[in-house]
Amino acid sequence: GIFWIPSWTKGLFTFDPTSQKFTRLQGEDFSYVRSSYNIVEDKHGNLWFASDNGLKKLNPERTHLTTWSENPNDEFSLKSNAISSLVLTEGDNLFIGTSKGIQSTFLDQKAFGVLRHMAGDLNSLSSNEVTAIAGDGSDDIWIGTSGAGMDRWNKKTNKLIHYQNKP
C-alpha cells in the first residue's frame, strides 16, 4: 500500500514503501489538502480528505480534486469547513465530523444531512465540536466531542447515548 501524506506547506505526497520513494502530487488544488486530519478510501478508489478548508475528494486516477465547502446560502451544503474526521460505512454513507456537528451524505448524492447539538434535546449531540468519529462495524457511530464527552449514535434507531467522565 501507498501512504498518503499531507504537508502544511507543500501539498500532498505519496510514499511507496517498496520503492522507498516520495512523490509530490502536482497541481494547484493539491496544496489545499495541507491540513488533512483523516483520509478514507471508498470502494471506487476515491480518496476523501477531512481538512480545515472543506471536504476533498481525489479521483481514482489521482488527477482531479473536488472540494465541498460551507455555503450559508445552500441549506444542503456543509455547515462548516472545519472537518475533523470521516467514517465511511458499508452502505456508502460518509459521516463527517465538523465544528458544527455531524453531517452525512450518500456518495451518490450531493446533499448533506446534519446531526447537531440542540439545547434541551437529549437525543442530540452532546456538543457540536466533533473531534473524532468511528464506526464499530454494526449500526453504531461513536462520536468524540470537545469537552462534552462521547456519544454513541445508532443509525437504525436514530438514538444517541451520551458518555461523560464524572470524576
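Student: Which residues does Asn93 touch, not counting residues up to four places away in sequence?
Tutor: This is a predicted model. In it, Asn93 touches Val87 and Leu88, and also Ser104, Thr105 and Phe106.

Student: Where does Asn93 lie?
Tutor: In strand β9, which covers residues 93-98.

Student: Does Asn93 count as buried or exposed?
Tutor: Buried, because its relative accessibility is 12% and the cut-off for buried is under 20%.

Student: And Asp42, how many residues apart in sequence are Asn93 and Asp42?
Tutor: They are 51 residues apart in sequence, and 9.9 Å apart in space, C-alpha to C-alpha.

Student: Change of topic: the open sheet of three strands. What order does it have?
Tutor: The order is β1-β2-β3, and the pairing is antiparallel. The edge strands are β1 (3-7) and β3 (21-24), each of which pairs on one side only. From one strand to the next, the twist averages 25°.

Student: How many bridges are there between β2 and β3?
Tutor: Four; strand β2 takes in residues 11-16, and its pairing with β3 is antiparallel.

Student: Which residue in β3 stands opposite Asp16?
Tutor: Lys21.

Student: Now the surface. Which residues make the nonpolar patch of about 310 Å²?
Tutor: Phe3, Ile5 and Phe22 make that surface patch.

Terms used. Residues numbered from 1 in each chain as written. Predicted model: local features only at pLDDT ≥ 70, side-chain atom pairs only at ≥ 80, totals over all residues. Heavy atoms only, no water. Pairing = 2+ DSSP bridges. Helix = DSSP H or I, 4+ residues; strand = E, 2+ residues; numbered from the N terminus. Axes fitted to C-alpha atoms, helices over the stretch in contact; angles between N-to-C directions. Patch = residues over 30% accessible without salt bridge, like charges linked within 9 Å, V, L, I, M, F, W, Y side chains within 5 Å. Areas by Shrake-Rupley, 256 points an atom, 1.4 Å probe, with all protein chains shown as cover. Salt bridge = Lys/Arg side-chain N within 4 Å of Asp/Glu carboxyl O. Buried < 20%, exposed > 50% of the residue type's maximum accessible area, 1.4 Å probe, protein only. Contact = heavy atoms within 4.5 Å.
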